[in-house]
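Please keep the sequence and the model in view while reading the numbered points.

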Amino acid sequence: MRRTKEEAEKTRAAILLAAETLFLEHGVAKTSLEHIARHAGVTRGAVYWHFENKAHLFHEMLNQVRLPIEQLTEQLCIGFENNPTLALCELCVEVLQSLALDQQKQRIFTILLHRCELTEELQEALDRHTEFVNQFISLCEQYFSQDPVSVHLQPGMTPRLAARALNALIVGLLSDWLRDPTLLVPEQDIRPIFAAFFNGLLKQPA
């Protein structure tokens, strides 16, 4: 029984790895379960034993990692102690720099941003990501609305605009860097980018 369970887990892992490889190379829409089965060296029946359909497989692939927006959202739900603006800046830096050290997370996030066509089949999985993004923006807006942060925002910069600007910066940096890794050296460039962003938001430096 133990051996059978271990073999099943190995098969499941091989299918997930094959899906990740083919989604990255060809895009999600152009990759069929038949392609994935052949690449993993298993039958289509084995794929259907572990996954209901391609959308379920895609969803489980995403579940292998905690995506950057999800990490940021979880911490915002907890809140910060001591100098929350600096803490939020440091969290953004830490999350994006950690992505540069995790190749699997890079591949999966590249699939999500650059290889994933919006289709009805994948709607549920994409809705999950959109929900995290919207929650992150909402939590950031709440954060920027609190004293003493709100009173230090630059004239004309509302909590709503600050939250959307931060989300746009994070998504833009991720999208550009994953599309062309030569654009940034995360270990060197991420910190000054976010320091400049937060200092530009506030009338006094963070």
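1. Lys-54 is placed in helix H4; helices here are DSSP runs of H or I with at least four residues, strands are runs of E with at least two, and both are numbered from the N terminus. The model is a predicted one, in which local features need pLDDT of at least 70 and side-chain atom pairs count only at pLDDT 80 or more, while totals for chains, interfaces and linings use all residues. Residues are numbered from 1 along each chain as its sequence is written, and side-chain values use heavy atoms, with hydrogens and water left out.

2. Is Lys-54 buried or exposed? With a relative accessible area of 8%, Lys-54 is buried, a term that means under 20% relative accessible area, against over 50% for exposed and partly exposed in between (1.4 Å probe, protein chains only). Setting aside neighbours within four places in sequence, Lys-54 is in contact with Phe-23, Val-28, Ala-29, Thr-31, Leu-33 and Glu-121; contact means heavy atoms within 4.5 Å.

3. Helix H4 spans residues 54-62 and is mostly covered, as 7 of its 9 residues are buried. Those buried residues are Lys-54, Ala-55, Leu-57, Phe-58, Glu-60, Met-61 and Leu-62.

4. Met-61 is buried, because its relative accessible area is 0%. Between Met-61 and Leu-16 the separation is 45 residues in sequence, yet 6.2 Å in space from C-alpha to C-alpha.

5. As for the chain as a whole, the protein has 10 helices and 0 strands. The C-alpha atoms fill a box of roughly 60 × 35 × 35 Å along the principal axes. Of the 206 residues, 41% count as buried. Among contacts with a separation of 6 or more, 72% are accounted for by residues 24 or more positions apart.

6. The accessible surface of the protein chain comes to about 11200 Å² (Shrake-Rupley method, 1.4 Å probe). Carbon and sulfur atoms hold 52% of that surface.
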